[in-house]
Amino acid sequence: MTAHTTASTDLDQRTGGIAAADIGLLVLRIFFGGLLFVHGTQKLFGWFDGMGWDATTSGFDQMGYNPGKFFGTLAGLSEMVGGGLLVLGLLTPLAAAIALGTMINAINATWHSGLFGGAEGPGYEMGLLFAVAAAALAFTGPGRYSLDYGRPWQRQGVVWGTGAVVLAVVAGVVTLILKWAL
């Protein structure tokens, strides 16, 4: 055991096992996952002043994601499910992959406006920020305050993070190929 590990263990014991990193991961998961969940419910149900399903699917048709009913529903469900799982800290690498794959397509859809957007519409800044948050959670895991913590299915680290990123990229690219092919 290194001096750093011993010091961290001692600090965890003195503070009742509360580690700042676990609290930070909880805050990140709740706010990022919560925002992603809200975006999904806006698309699907019109909650939180959202467009609702009909307007979402029409918008996806206009962006070239045809059929818009399929791609709009897929985007809404991905955001809602991925965000919900992240809030709970459940199946975190899969949840992060869902979020990242969805954000690859969000970045593609807003790429033409540049990073911060402009007269052409919103930029890909938010999609990029969400993608980075998802990738970070894929590698770090959900932290102690999650439904994954201490369970047999808990997965985190370089191998699982890399797997989640690869899965997200493959799913995102397959979606883009379908967009261009249909």
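**Confidence and ring pairs**

A: This is a predicted model. Confidence in the protein is lowest in helix H1 (residues 3-14), with a mean of 49. The highest is in helix H4 (residues 68-88), at 97.

Q: What does pLDDT average over the protein?
A: The average is 90, and 91% of the residues score at least 70.

Q: Where does pLDDT stay under 50?
A: Over residues 1-8. For that stretch the model has one contact beyond four places in sequence.

Q: New topic. How many aromatic pairs are there?
A: The count comes to six. One of them joins Phe 32 and Phe 130, with ring centres 5.2 Å apart.

Q: Why is that pair edge-to-face?
A: Because the planes of the Phe 32 and Phe 130 rings sit at 75°, and over 60 counts as edge-to-face.

Q: Which helices does the pair link?
A: Phe 32 is in helix H2 (residues 20-45) and Phe 130 in helix H6 (residues 125-140).

Q: What about Phe 70 and Phe 71?
A: Their ring centres lie 5.0 Å apart with planes at 75°, so this pair is edge-to-face. Phe 71 is buried at 2% relative accessibility, whereas Phe 70 is partly exposed at 43%.

Q: Which residues do ring pairs link into a cluster?
A: Phe 60, Tyr 65, Phe 70 and Phe 71.

How values were computed:
Residues numbered from 1 in each chain as written. Predicted model: local features only at pLDDT ≥ 70, side-chain atom pairs only at ≥ 80, totals over all residues. Heavy atoms only, no water. Phe/Tyr/Trp six-rings, centres within 6.5 Å; stacked < 30°, edge-to-face > 60°. Helix = DSSP H or I, 4+ residues; strand = E, 2+ residues; numbered from the N terminus. Buried < 20%, exposed > 50% of the residue type's maximum accessible area, 1.4 Å probe, protein only. pLDDT = per-residue confidence, 0-100. Contact = heavy atoms within 4.5 Å.
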